[in-house]
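Morning, everyone. I have one structure to walk you through today. Please have a look at it first.

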Amino acid sequence: LFTSPEALGVTAEDIDSKTGTFCIPEFGTKFVRDMLVDCKPKNFSDLLQISGLSHGTDVYLGNAKDLIDNGTCTISEVIGTRDNIMVYLIHQGMEEGRAFQITETVRKGLVAKGKVSKEDWGKMEEDMRAVGVPEWYIGSCYKIKYMFPKAHAAAYVIGALRLAWYKVYYPLEFYCAYFTARPEDVDVQTLMGGKTAVRQYLQNIKAKGKESSQKELDVYENMLIFNELLSRGIEILPIDLEKSHAMKYLPENGKMRLPFGALSGVGEKAAYAIYEAAQKGNFISKEDFQLEAGVSKTIIQNLADLGALDSLPDTNQMSLF
């Protein structure tokens with residue numbers, strides 16, 4: 001997943017991404033997905049490097065990225081986490097105390113921020129050169145303003161790998177859990193149009209570019225993931241009075257059932273009110289259901305527009321006739 005979406009059974013063109021890391025924490029943003037494409041990780045330690053680089057300050061853009069792009073070194077060789085500096089210097093033969101001192105100076109950004117005298121930094125450079133540290137490495141140290149700890153990066157990557165396993169082997173359960181955990185920013189009407197409608201929505205937002213509102217951009221990020229699950233052959237089922245949960249996206253016969261909370265304008269409180277009213281079944285019309293759920297006419301109309309209330313007449317009077 002970290003180098004290709006092939007394991008998901010889709011192509012880069014299908015999902016608008018050269019990696020399969022949508023939804024994977026720390027590796028799902030566009031910035032880190034671009035890093036994965038640039039760095040071409042081959043093993044766990046490379047992923048640690050990328051995690052460290054993505055959380056540091058002035059360690060990737062204008063620094064490690066340039067070194068990788070021009071072929072000076074690989075992702076395995078750049079300074080990815082603060083621990084790497086000390087371990088590398090000791091490995092080169094430097095005395096441990098001095099290696100630690102240089103590491104602390106660099107990882108706090110004291111050199112880049114001008115909080116270390118030129119004389120002191122000059123002596124550190126000399127000590128690094130004395131044990132065979134290349135100039136590109138010393139230059140990289142000079143630019144760093146903050147370095148991420150390796151143990152923290154390892155915790156992130158281990159968590160990411162665990163979730164990535166579920167994404168590959170239990171896709172329906174994975175996506176249901178993901179959207180249940182972050183239910184906001186869903187365009188149900190577009191989802192009901194299937195993959196074609198979702199793709200068109202993505203193209204429209206992309207075409208608007210900087211003119212897009214923050215709300216549209218937030219929905220866009222989620223629609224990318226819905227596009228991926230649809231591309232993997234998972235069907236999305238509409239909101240249903242009898243089968244939908246308040247907030248949980250539920251697996252149903254190999255498909256994903258949308259909850260009431262997916263509807264625009266329906267918060268958690270309203271979603272549970274609708275769900276509980278639907279479970280009781282004490283209604284014979286849309287008007288009745290609105291009173292039972294205690295929600296606005298707008299929400300009831302939105303449910304009706306999606307076909308969730310097709311079995312109900314508008315009022316009790318119509319039911320009698």
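A quick definition to begin. A patch here is built from residues with over 30% relative accessible area and no salt bridge, and nonpolar side chains are joined within 5 Å. Keep in mind that this is a predicted model.

Now the patch itself. Trp165, Tyr166, Tyr169 and Tyr170 make a nonpolar surface patch of about 490 Å². Ring pairs also link Trp165, Tyr166, Tyr169 and Tyr170 into a cluster. Take Tyr170. Where is Tyr170 found? Tyr170 sits in the loop between α9 (150–169) and α10 (171–181). Its relative accessibility is 40%, so Tyr170 counts as partly exposed.

On to the rings. How many aromatic pairs does a search of the whole structure find? The search gives 14. One of them joins Phe179 and Tyr249. The centres are 5.6 Å apart, the planes are at 40°, and the pair is tilted. Phe179 belongs to helix α10, while Tyr249 is in the loop between β1 (236–237) and β2 (250–252), so this pair ties together parts 70 residues apart in sequence. Buried or exposed? Phe179 is buried, at 0% relative accessible area. Tyr249 is buried as well, at 2%.

Last, the whole chain. There are 17 helices and three strands. The C-alpha atoms fill a box of roughly 95 × 35 × 35 Å along the principal axes. The radius of gyration is 26 Å, but a compact globule of 321 residues would have one near 20 Å. Buried residues make up 46% of the chain. The accessible surface is about 16200 Å², and 52% of that surface belongs to carbon and sulfur atoms.

Notes: Residues numbered from 1 in each chain as written. Predicted model: local features only at pLDDT ≥ 70, side-chain atom pairs only at ≥ 80, totals over all residues. Heavy atoms only, no water. Patch = residues over 30% accessible without salt bridge, like charges linked within 9 Å, V, L, I, M, F, W, Y side chains within 5 Å. Areas by Shrake-Rupley, 256 points an atom, 1.4 Å probe, with all protein chains shown as cover. Salt bridge = Lys/Arg side-chain N within 4 Å of Asp/Glu carboxyl O. Helix = DSSP H or I, 4+ residues; strand = E, 2+ residues; numbered from the N terminus. Buried < 20%, exposed > 50% of the residue type's maximum accessible area, 1.4 Å probe, protein only. Phe/Tyr/Trp six-rings, centres within 6.5 Å; stacked < 30°, edge-to-face > 60°. Rg over C-alpha atoms; globule rule 2.2 N^0.38 Å.
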